Every structure is written in C-alpha cells, then in structure tokens.
Amino acid sequence: MAKLIGGLGTSHVPSIGAALDKGLRDTPDWKAFFDGYIPGQEWVKRHKPDVAVVIFNDHGNTFFLDKVPTFAVGCAEEYRPVDEGWGPRAIAPFKGEVDFSWHFIDTLVENRFDPMICQEIEVDHGLQVPMELFWGKPDAWPVKVVPIFVNVIQYPIPLPSRCYEMGRVLRKAIESYDSDERFVILGTGGLSHQLQGARAGFVNPEADQAFLNDIADNPDKLAGMSREQYVEMFGSEGAELMMWLVMRGAMDPDVVVRHKHYFVPASMTGAGMIVMENRADAASAAAA
Amino acid sequence: MSKRPTIVLLPGLLCDASMWDAQRKALEPYADVRIGDFSQLDSIEAMARSALALADGPLVAIGHSMGARVAMEMVRLAPERITKLVLIDTGIDPRRDGEQEKRRELVDLAFAEGMEALADTWLPPMVHLERVADEALLAPLKDMVLRASPEQHQRQIKALLDRPNARLGLAQIACPTLVMVGRQDRWSPLAQHEEMAALIPEAELVVIEDSGHMSLVEQPEQVSQALLRFLGFGNKNDDTHGVATGREEPMDEEAAPDRIPDTPLFDRKRSLRGYRINKMAMGLGDPANREAFKQDESAYLDRFGLTSEEKDAVMTRNWQEMVRLGGNLFFILKISAVDPVRITEIGAHQAGMEHADFLRDRLGKK
C-alpha cells in the first residue's frame with residue numbers, strides 16, 4: 001500500500017515566485033527567507049517522495065465567482081501554470097497522479113465529502129510556489145501532484161474542523177491505495193497577512209510562531225477554532241492557514257518536527273515552513 | 001370610501017400613449033390613469049411641470065426612459081405630491097462625452113431623410129437583440145415614430161441633452177420607488193439600475209426577463225404585473241408566473257460594520273456588489289484583454305458594464321474605493337499587472353498610510 005512519509009507546511013506568497021523569477025533570491029529582502037528552506041529541500045532530496053498532495057486555494061485565477069467550489073480535486077494528467085495577469089510563468093507543467101486522484105475522490109464521497117471533480121484545470125501560485133520552495137525549479141518535476149483546491153475567499157468558506165476531517169479521509173485514501181508510492185502532503189497558505197481593508201498589512205508574528213508549534217503538538221486546538229478567530233488572529237487572508245489542517249489531519253496525532261522556519265515579512269506576509277513525520281515512522285527508522 | 005389614486009404615465013423619446021396600452025388597461029380598474037404628452041416641449045423641467053398639471057393632489061408617477069427622468073424631476077419640483085415612483089429603463093447621469101454628436105446625427109437624419117429613416121436606424125438597438133426582426137413588435141413602434149415629426153424629435157433631443165444630473169437628487173427621494181429594467185436593455189443597462197436602486201433610500205429593483213429597452217411593449221404582462229404588485233392592486237399572481245424576478249435587497253455597506261474592525265470579509269453582499277469590477281479584473285488574465293485595457297481603458301471597463309462610480313475608482317487606481325465597491329484584491333490585483341504598482345503600495349493606500357510608514361509600522365521593515 002502507498003505510504004505517507006511526511007507532512008509539509010508552507011506559505012505560498014506569489015512574491016516568492018516573482019523574487020525567484022527576477023533573481024532576487026540572495027538580496028537582503030529575501031536571502032534569509034530562502035535560506036530557511038534549505039533544510040526542507042534537503043529533506044525532500046533524501047526522502048524522494050513520488051507523489052505530492054498539495055492543498056491550496058486558487059486566488060481568482062482559475063475559478064471566477066460564477067462558480068466557487070468549496071472543495072475541488074484535480075484528476076488531470078497535467079496541470080499547467082495559469083496566466084495570473086503577468087503571463088504564465090516559465091515553470092514545467094506538473095504531472096498528475098490520475099489514478100490516486102480518482103481513488104481519493106471515491107474515498108471522499110464514500111466518507112461524505114463531495115468535491116468538485118476537475119479533469120482539466122490550471123494552477124496558480126498557490127501550488128507553484130510551494131513546489132518550487134521544496135523542489136527548486138527543475139526542467140521536469142521528479143514528483144507527481146494531486147491538487148486539492150479549498151475555497152477560502154468567497155464566504156461562506158469551510159470550517160477549519162472540516163479541513164481537519166478531510167485530512168483524515170485523505171489518510172484513508174493513501175492507506176488504501178494499492179501502490180508502493182511514497183506520499184507527502186503539503187498544507188499551504190498563510191501565515192498571517194491581510195490584503196484588504198484599512199487593516200491591510202496586518203501581520204502577527206507571535207500568533208504565527210504559536211501556530212507553527214500547535215500544528216505539530218496541538219492540532220485539535222487549531223481545528224476547534226472558528227473562522228472568525230482565524231481572521232482575527234491571522235488577518236483576512238491569513239485564514240488560509242486552515243488548509244494546513246488537511247495535511248495535519250492525515251498524520252498521526254504524534255509527530256516529530258524535522259524542520260521549521262519563520263520569516264516576516266515576505267512581501268506583506270508572515271511566512272513559515274514546517275516538515276513533520278509521524279513519530280512511529282521516525283522511531284522505526286531509527287531502530288532499523 | 002377611499003378615493004381612487006391618480007397615476008400619471010410618462011412616455012419616453014418619440015413615444016406616445018400607445019406605448020402604455022397594456023399598463024393603462026391593467027391599472028385602470030384601480031386608478032385614474034393620465035398619460036403625459038411631451039411632443040411639444042424641449043426641457044425636462046417643462047415636461048415635469050406639464051405632467052404635474054395633469055391632476056391635482058397626490059400622484060403616482062411612472063416613467064419610461066426619458067419619461068422616468070421627467071418623473072425624477074417631478075419629485076424634485078413637488079416632492080410632497082408624489083406618493084410612489086416607478087422608474088423604467090432609464091438613467092441618472094447628465095450628458096456623456098460624445099453623446100451630443102451622436103444625437104445630432106439622428107436629428108439631421110430625420111430632417112434630411114424623414115422619420116422612416118430615423119425609425120429604421122433608431123429602433124432596432126432599442127429592443128432585445130433577438131427580436132430586431134420581430135415585425136409584430138417593431139411595426140407598431142415604427143408607426144408610432146412616424147406619427148412624430150423631425151421637429152418633435154429635435155425638441156426632445158434638446159431636452160435630453162440639457163437634462164439635469166438626476167444622480168444628485170436620488171438620496172432625497174423619500175417615497176417608495178420601483179426601479180425596473182429589461183435584462184437585455186442595451187441602451188440603459190441593468191448595472192445602472194442596480195446603482196439607482198442602491199442610491200434611492202426606499203427602492204426595490206425588478207428585472208424584466210427577455211426584454212430590451214422597450215420593456216413596456218416587449219414584455220407588457222411582466223411590466224403590468226410588477227406595477228400591480230408594487231402599487232398593491234389586485235393582489236393576483238403574487239410571486240408567480242415570471243413576475244418580479246430580480247428583486248434584490250438594497251445594498252448598504254455602511255449599515256453593517258465589519259465584524260472584525262477594518263477587515264472586509266468577502267461575503268454574499270460584497271461578492272454581488274463587486275461582481276462587475278471583479279469580472280473585469282479577472283478578464284485581465286487574458287493577454288488580449290490586457291492589450292484592450294491598455295489601448296482604451298474606459299472602453300474595456302464599459303464592456304463589463306461598470307457604473308460610473310466603479311469606473312472612476314478603477315481609472316483613478318483608488319484601491320480603497322475599489323474594495324469598498326466590492327472589489328476583491330485577488331482579482332483587482334491584476335490591474336497592477338497592466339499598470340505596475342507594488343502590493344505594499346496598494347496596502348498602504350487602503351491603510352491610509354505613507355508607503356514608508358506602512359512598511360515600517362505594519363510590516364516591521366527597518
């Protein structure tokens with residue numbers, strides 16, 4: 001059966017992609033941010049996952065307000081970068097893990113989640129940037145992807161607890177998938193930021209640091225918070241953080257944190273990264 | 001025994017009483033119905049005074065197109081007399097750039113080639129695109145235009161070109177108001193009526209389905225039913241059979257403060273309010289649209305039916321205002337792909353701060 005080897009969390013700020021495109025990686029604004037990801041990239045190199053399930057939100061690039069799916073799952077052969085207004089970025093298209101996507105959709109529906117099914121869909125920085133942060137910018141991606149789109153823009157957005165529950169179904173799907181592929185799950189978005197209204201520019205480094213601790217040690221607390229609490233604590237767009245709960249819900253209650261990184265501000269955002277493994281796996285690896 | 005109310009029906013440019021046949025028949029069982037005649041007048045104010053002189057005492061004013069501008073002028077002149085107001089397929093703004101030239105061409109055409117030539121040019125854009133060849137609809141309209149003269153047309157065009165800015169008076173309209181528009185009205189679009197309904201304190205909006213600008217004759221039954229319901233007559237067909245389809249709550253951003261201070265959540269109301277702006281901005285994901293935006297921004301915005309308020313906000317890059325009008329940053333950010341500005345500058349603008357202060361105080365930059 002397929003194997004979940006790790007849960008990754010990261011911001012997906014579009015300026016990160018723009019900074020890479022413009023060669024700003026080593027400028028004072030960005031160097032510390034990118035350097036903090038090096039341990040995460042090394043972890044990926046060492047563990048060689050075959051499949052990345054990426055939970056993110058579209059930012060008015062693929063979906064318009066005419067049709068807003070609360071949860072959507074991609075099951076395409078390929079996902080191309082969408083034109084966000086600046087032309088599509090020069091990134092290799094992402095290869096889909098079509099069989100698993102359909103298996104996951106089946107499992108979701110059997111477990112009373114009813115997603116939109118997307119056989120042809122483009123992806124924006126919400127998926128691109130996390131992939132680049134962990135895998136760099138290869139000519140061809142060494143990993144297949146399964147995109148999960150969550151609506152965190154048009155209210156009503158889903159409950160944080162619902163994201164957490166979806167993670168449990170994702171775990172079931174991986175554990176019941178007949179394959180020897182190695183999976184990682186990327187929860188993306190956040191951390192604190194607000195783009196709209198007079199509170200624009202709001203960041204909350206203390207809350208962000210606490211979130212990076214709680215996502216590992218106290219996820220039930222994060223899943224129990226209201227949407228309003230997310231907005232209040234992390235800003236209107238910081239509510240994206242609830243998407244990390246899909247990743248966390250798929251893991252064991254007991255995890256070890258391999259790497260963690262926090263940097264503020266990346267553009268207008270408190271940016272963070274985490275790499276976690278289930279403690280049971282970490283222990284057996286140590287014993288072997 | 002209560003007195004029957006008096007209703008005045010106010011026709012538009014080149015239109016006469018025949019436009020109101022269906023509505024007159026529907027309303028006559030319940031009210032004294034008078035119909036304005038503006039064929040000899042050349043100003044909106046004179047038309048309003050003549051309509052006010054059609055009866056004594058309280059009136060219900062129902063106007064179509066230019067007639068609705070007359071109705072608004074009646075409210076301005078004699079607010080105490082107008083008990084209810086209905087504005088159909090109309091507008092509130094004064095003369096637009098270039099309007100005078102276009103209108104003058106038609107005036108000249110009528111004098112040079114006659115009313116038939118005018119009818120053939122002027123009428124088709126007034127009706128639903130799919131009915132421009134519908135003789136049953138067009139023939140009576142054409143007959144009506146032929147009953148008018150080039151001189152009448154010239155007088156009424158003068159009245160229209162010199163029309164007052166009705167926008168300024170909308171907030172003062174105190175009586176219950178029904179704003180009505182054909183969904184496919186190409187001359188005075190739905191967006192314009194949404195804005196009017198939002199600006200008039202006690203207004204409701206009804207959208208007439210499958211209708212262009214001439215809704216009175218394109219969908220006479222829908223219009224009559226909406227009038228009967230609004231005026232409380234007859235009480236039949238309530239909420240059925242295609243009547244009163246687009247009823248919407250008036251927008252009022254100020255009424256509900258953000259639950260979290262200064263943090264606008266993109267809820268149903270904002271999404272509806274900002275739909276046009278966001279759709280326009282979403283379009284900028286397409287290179288051809290970006291080019292169109294660069295070439296002629298105003299024309300590009302018009303394609304999406306932006307109100308003049310929305311256009312101003314976009315064209316002056318007033319981010320704060322765009323968000324207030326329902327723009328969502330993820331969509332409107334694409335404007336910055338065409339006309340570059342940093343997102344932190346957009347943030348600073350909304351926060352009402354200098355950019356450097358914003359970077360330092362909000363984002364903690366050294």
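Predicted model: local features only at pLDDT ≥ 70, side-chain atom pairs only at ≥ 80, totals over all residues.
A residue is called buried if 20 or more other C-beta atoms (placed from the backbone) lie within 10 Å of its own, exposed if 12 or fewer do, and partly exposed in between. Residues are numbered from 1 along each chain as its sequence is written, while chains are lettered from A and ligands numbered from 1 in the order in which they are written.

**The overall picture**
- Chain B has 20 helices and six strands, which are DSSP runs numbered from the N terminus (helices: H or I, at least four residues; strands: E, at least two).
- Of its 366 residues, 45% count as buried.

**The sheet**
- Six strands make an open sheet with parallel pairing, in the order β2-β1-β3-β4-β5-β6 (chain B); two strands pair if DSSP finds at least two bridges between them.
- β2 (32-35) and β6 (203-208) of chain B sit at the edges with a single partner strand each, so one side of each has no neighbour in the sheet.
- Strand β5 (residues 177-182) of chain B runs parallel to β6(B), and six bridges join them.
- One of the partners to look for is Leu205(B) in β6(B), bridged to Val179(B).

**A well-covered helix**
- Helix α8 (residues 190-199) of chain B is mostly covered, with eight of its 10 residues buried.
- Among those buried residues of α8(B) are His193(B), Met196(B) and Leu199(B).
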